[in-house]
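Q: I would like to learn how to read a model of this kind, going from the whole chain down to single residues. Could we take the features in that order?

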Amino acid sequence: MSAFSNEPLKDGNKGGFWKKGSGFPGSIKPVYGAQHPPLQMMPRGKEDRSKSSNKKDAFQDFENKTSDAWDDGDDDLLVMANIQMSLRDVQSTAKAVMENHSKQFSAQNQQNAIKDHVTAVPSATSSHGAGPGVGVRLNSGWRPPKSTPIRYTKDVVPDREATKLEKFRSVLAGPNTDLDELRKLSWSGIPKAVRATAWKILSGYLPASVDRREPTLQRKRHEYFSFIEQYYDTRHQEMHQDTFRQQQLGLGTILKDIPRMTSLAHLFQQQVVQEIFERILYIWAIRHPASGYVQGINDLVTPFFVVFLSEFIENDVESENFEVSQLPKETLNTIEADSFWCTSKLLDGIQDNYTFAQPGIQMKVNALQELVKRIDVPLYKHLEEQCVEFLQFSFRWMNNLLMREIPLRCTIRLWDTYQAEENGFADFHLYVCAAFLVRFTQDILREHDFQGILMFLQNLPTHHWQNEEIGELLAEAFKLKYMFADAPNHLSKKK
């Protein structure tokens with residue numbers, strides 16, 4: 001039978017509408033309790049006659065007014081009438097409960113209003129205001145008895161970020177930082193207040209032992225500036241001409257790259273900042289002759305420089321617009337040396353990306369192609385049909401670690417996780433690139449020619465991204481790593 005059938009619901013035995021005493025569809029059953037006693041449902045003809053002489057029975061009154069609608073032999077309709085009476089009782093009870101709650105709420109508001117007008121007044125036994133020996137006074141002039149205790153409480157609102165910051169500070173406090181615990185905390189993002197210290201430890205620049213950190217910093221900073229004195233400041237002297245000529249091509253590339261990096265940010269257009277980057281990159285190239293300077297390495301210094309700079313500026317000041325010349329020379333030297341060593345640690349793990357022919361990048365591009373072929377067949381076929389090679393768009397993703405594709409603030413958040421992952425910049429980055437590409441599958445499928453696809457991939461709509469988008473990207477990348485990291489043969493081309 002349809003739920004909206006007009007046929008009566010018949011009982012199999014009697015042929016009536018419903019069984020006697022059963023509820024009808026949509027009926028409200030009364031809730032029995034102190035404020036709503038159970039209904040006394042008695043058969044007709046056995047009502048208490050003594051009550052009808054003093055007060056007319058509501059049901060009898062209803063029956064007299066509708067006597068033509070009743071059948072003496074139909075007890076089922078009598079039950080329905082009693083149910084209608086119960087509905088009225090429920091409504092009256094609910095109204096009484098609401099009125100009761102309303103009165104209690106008004107009384108509570110009145111008490112709160114009195115508390116809002118309480119003022120602490122130091123008594124003769126107190127010299128520091130509220131505290132022991134404190135009295136109270138209402139603005140209206142009324143004064144409670146001295147025996148009445150007034151307690152001042154402050155609502156405690158749980159702050160997730162504050163709790164996370166406390167955990168970081170506890171781990172970093174030592175005496176020996178648990179690196180596994182630090183990585184676990186850092187995976188989901190590092191608070192700005194402790195990011196600089198956490199990055200230095202996770203990159204291997206600072207030791208886990210708290211006692212050894214300050215001596216290590218002093219030694220490494222002194223070592224860096226000894227390189228400056230030995231190579232950079234004397235690069236034009238005759239005794240260093242051979243070394244300088246070997247790096248002249250690299251230095252020329254550095255001088256061209258630095259003014260172009262993050263050109264929209266005021267920070268990197270300042271002369272003092274460009275000089276810092278020039279020294280960092282030149283010294284790194286001198287110490288790594290196998291690769292020398294390769295275009296794009298300058299981008300990898302930027303996150304370290306910004307994070308270490310943020311240690312010395314106010315939280316409400318955007319580091320990208322900060323005037324670096326305001327800082328003392330000693331502070332700038334500290335930021336420069338720390339940026340150099342952390343960049344060196346990063347590049348040590350991906351140096352094959354920058355040696356001759358850049359074999360590391362070629363391997364990663366091929367692995368990305370095989371991974372996308374397995375996780376998004378329509379996207380892979382669409383790129384193949386339009387003759388789009390993965391090397392044409394993902395080379396930059398590998399060379400610059402996606403820094404040209406997402407805002408700097410997102411890069412810093414991304415690197416929190418890279419630092420927490422084992423070989424994050426070398427291995428986990430592959431899965432991030434795959435998740436990054438697949439995220440734009442529908443947009444790419446809407447482009448039906450080579451030029452449209454390539455233009456889209458080189459100008460991805462990520463300028464509005466925040467930590468939320470990076471968190472989603474990392475979650476997808478982690479799933480891919482979980483599926484494929486233990487099966488590396490799946491990412492190798494089959495011959």
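Q: What share of the contacts in the chain with a separation of 6 or more comes from residues 24 or more positions apart?

A: A contact means heavy atoms within 4.5 Å. Here, residues 24 or more positions apart account for 68% of the contacts with a separation of 6 or more. Before going on, note that this is a predicted model, in which local features need pLDDT of at least 70 and side-chain atom pairs count only at pLDDT 80 or more, while totals for chains, interfaces and linings use all residues. Residues are numbered from 1 along each chain as its sequence is written, and side-chain values use heavy atoms, with hydrogens and water left out.

Q: How many helices and strands does the chain have, and how much of the chain is buried?

A: Helices (H or I, at least four residues) and strands (E, at least two) are DSSP runs numbered from the N terminus, and on that basis the chain has 19 helices and two strands. Buried means under 20% relative accessible area, exposed over 50%, and partly exposed in between, with a 1.4 Å probe and protein chains only; buried residues make up 40% of the 495 residues.

Q: Is H15 mostly covered or mostly open, and what covers its buried residues?

A: H15 is mostly covered, since 12 of its 13 residues are buried, including Arg413, Trp415 and Asp416. The cover includes helix H5 (179-186), helix H11 (329-349) and helix H19 (467-484).

Q: Which residues other than glycine have a positive phi, and are they buried or exposed?

A: Two cases can be set side by side. Cys387, in the loop between helix H13 (377-385) and helix H14 (390-399), has phi near 60 degrees and is exposed, with a relative accessible area of 55%. Leu401, in the loop between H14 and H15, has phi near 55 degrees, yet at 1% relative accessibility Leu401 counts as buried.

Q: Where is the cis peptide bond that joins Gly174 and Pro175 placed?

A: Omega is the angle to read, and for the bond joining Gly174 and Pro175 omega is about 10 degrees, a cis peptide bond. Pro175 lies in the loop between helix H4 (160-172) and H5.
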